[in-house]
Amino acid sequence: MDEIKLIKKDLVRKKLIVQKNLFIIIVLGVLLIGLVNSIGLPTGGVSYCCEKTVAGAWCQNSPKDNCNIGIDPKTNSVFRAVASNCESLSYCKMGTCINSQEGTCMENTPQRVCDENKGVWSEKPVDEVPQCSLGCCLIGDQAAFVTQTRCKRLSLLYGLETNFRTDISNEVQCVLSASSDAKGACVFEKEYETTCKFTTKRECLDMMSSDSSVNFHEGYLCSDETLGTNCGPSQKTTCVEGRDEVFFLDSCGNLANVYDSSKAKDMEYWSRVYDVGASCNSGQSNADSATCGNCDYYLGSTCKAFKRGEDKVKPNIGNNICRDLSCEYKGKTYSHGETWCDNSEGADKNLPGSKYFRLVCYDGDVTVEPCADFRQEVCEESQTNGFKVAACVVNMWQDCASQDTKEDCENIDRRDCQWVAINGTSESGYQCPLLGAVGVSTTDTVKFKGGGCVPKNPPGFDFWNSAGEAEGLCNIASATCTVTYEAGISGSESCVSGCECLTQAWEDSMNKMCTNLGDCGSKLNFIGVQGFQNKSAITREDVDEEEDSGGGGLF
Amino acid sequence: MNMKKRMVKENKRGKTSLSAAPINQHRGQVTLFVIVGILIVVLAILTYLFYPKIVAGLGLGSQSPSQFMETCIGDDIKEAVHIASYQGGSINPEHYILYKNEKIEYLCYTGEYYKTCVMQQPMLKQHIENEVRDYISATARKCLDDLKASYENKGYTVSMGMGGIQVELLPERIVTTFNNSLVLTKTDTQRFNSLKVVVNNNLYEMVGIADSILNFEARLGDSETTTYMNYYHWLKVEKIKQSDGSTIYILTERDNPKNKLQFASRSLAWPPGYGISGVMY
């Protein structure tokens, strides 16, 4: 080897110019293995459309080995498996399955599955199926944005007349159009006594048809003195199903207005129906208020029976209170309906094993929603007036490595990437392989010209899986830099080009690029344990001028 | 000296022999009491566990035929509903994911990455109804036989027709109808076209919500849990993503946390890396 070098140097001296190619191969993190192994067809080669898989799933594109080729006990025929995509086969073609009894429509249903379950199948997407077109179903004082068949079914189930309106085309408008029946005091004679029931006009009219003594007083409460009934104010309150507020009850057990302790003896408050908006502290949650029962679910309270230990104060009257629905979590208070991110250890640095989580506070209860594993989803949080809203969003890192300009790299509409500047840039850039990237051939390369494009949130890889793609993906960070030396007359060498690759800064920035690609390079895991590869690998190799074609290579 | 010693011995013996009879008697009594006590406890437990069926079997009490059936099969219906609703609507799930040792059926599934799921159970309500019906059918036959025997024991002439069982999920309840005509004749004649057993449950509402979630999964690959909790205040929706890309949904009635509907979906799953080298099945 030394002899060869001496011969080379002699040759160079004769020409007075000696070029020495130094290959600096940085293999950051793991050992390099060819990426070819990580690219290939799904196990089993050709994809089949399995009518049913061995595991029991219907209509799946899968290798033949996974197809169930047994006999369907229901039809006595063999389950089909055809070397084609399910979409192109009639029995597994996707469409809409209509439940004509319930009036519901299920999307993305194969014909075979719909038929098996005795549904009506249509090959059209749900938006184009007439039976699935939605309208506003007004039923009693409720509204639902459903199909016409569903509206009829609801009418049958609840024993109420319905009004299906096709002119209302969205759910919000539909819900707002629901109007409650007029309510009031329905006064009647019972056992030689004038009594009263607080109810709807419709129900009172029904009572009138069988009893001539019945009178309806719209907007009046049964406790109104002018009605002359045996019902009067009381010190009782109640919660009503489907309503948030605490209500007073009169002495006959009828509903009165929203609980307001300051008006417990106000006869005017016990005579007419007051709108909730005109009741005490409207627009506030009134959580844990001893005096006001105007609870609001969306503002964080709802009517519940008072519980010592759970509610902070006892109501002044009755036994019901606006329960505070906020949550306590890790010493902090979160409002009802608030969502926030609380990620695992190391997620801020996207360390191997770290994961994002969204937390949800509802009804005083915190639920944890993990985002997708391998950091394929990340939790993002925003805040408006101190109210946090979070969501697990897809981490679009897949095509970062194929972006070679900062502008394309940081186009947040297309991808979640960041540009990492490489210290000591070269005009020609560094050729890097792009193996593994979607839609890129194994011979394509990317130039890190002044920097590289890497995921903003490095994804996790199944690096423990020998059939996985971790090694191939991490190899993207492998770079080949050609450094040219000129030999002086005295035998000394001076760097002519690519000299920046010899600096520590270049090595550090390349290492940063590597670790930002995913679970690559030298890292601690999320619990602080060092990976088994704790050094970046740099290999130097001398090459002849002729051998150096200028292209990149993978080592 | 010797005499004294012997006397003492005799005395000791005498004492011993005198007191031996009452102790043995006492032990016998204790044993007897213990046995009787155990019998009473066992009888009490058995009565507690099987009282309704004992009463029904012996023809005691004055239950109507529907009440008889409710006593006889009500628990089986509740059990079937419980099992099915915890396992994605199936009594014996075929294609499932294991979660906390429970088999949870996939109602929407794709084994591929980057693709939305294929609906596996488009008629969930009917599927659960059929599952519950099949689960209780054997018990139902026995209960109908017991019902007939019970009224015959009371001196009735009983005529019972053949008929199927229908399970219906309805708002806030599950109605099981035994379509067996029943004619009871003693001094007068009572006719029943069918017998109904009603179980209070919110499964109907939960199935509707599950359908909506599944449509979102099939179209967008995900769903937003808070939307449902905003609309249905009685409901808690949990979404738990698994490492293989599956999502487990748990719908729980807040005031009655034992009432749950659990199901799984695998839609728009993201692989580690690009997922070129494999698919799941």
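Modeller: Let us begin with T177(B), which stands opposite K196(B) in strand β9 of chain B. Before we go further, please keep in mind that this is a predicted model, in which local features need pLDDT of at least 70 and side-chain atom pairs count only at pLDDT 80 or more, while totals for chains, interfaces and linings use all residues. Residues are numbered from 1 along each chain as its sequence is written, and chains are lettered from A, and ligands numbered from 1, in the order in which they are written.

The strand pair to which these residues belong is formed by β6 (residues 173-178) of chain B and β9(B), which run antiparallel and are joined over 6 bridges. Here a strand is a DSSP run of E with at least two residues, a helix is a run of H or I with at least four residues, and both are numbered from the N terminus; two strands are said to pair if DSSP finds at least two bridges between them. As background, strands of a sheet pair through backbone hydrogen bonds, either parallel or antiparallel.

Widening the view, we find an open sheet of 3 strands in chain B, with antiparallel pairing and the order β5-β6-β9. Its edges are β5 (165-170) and β9 (195-200) of chain B, each of which pairs on one side only. On average, neighbouring strands of this sheet are turned by 15° against each other when direction is ignored; the axes behind such angles are lines fitted to C-alpha atoms, for helices over the stretch in contact, and angles run from 0 to 180 degrees between N-to-C directions.

Helix α2 (residues 65-86) of chain B packs on this sheet and touches both β6 and β9 of chain B, its direction making about 45° with that of β9(B).

A residue is buried if 20 or more other C-beta atoms lie within 10 Å of its own, exposed if 12 or fewer do, and partly exposed in between, with C-beta atoms placed from the backbone. If we take the contacts in chain B between residues at least 6 apart in sequence, 57% of them join residues at least 24 apart.

A nonpolar core is a set of buried Ala, Val, Leu, Ile, Met, Phe, Trp, Tyr and Cys residues joined through C-beta atoms within 7 Å. In the largest core, which has 90 residues, the members that touch the most others are M69(B), C108(B), V132(B) and A210(B). Helix α3 (residues 124-153) of chain B contributes the largest share of this core, with 10 residues.

Finally, chain B meets its partner through 44 residues, which are in contact with 58 residues of chain A.

Methods. Contact = placed C-beta atoms within 7 Å.
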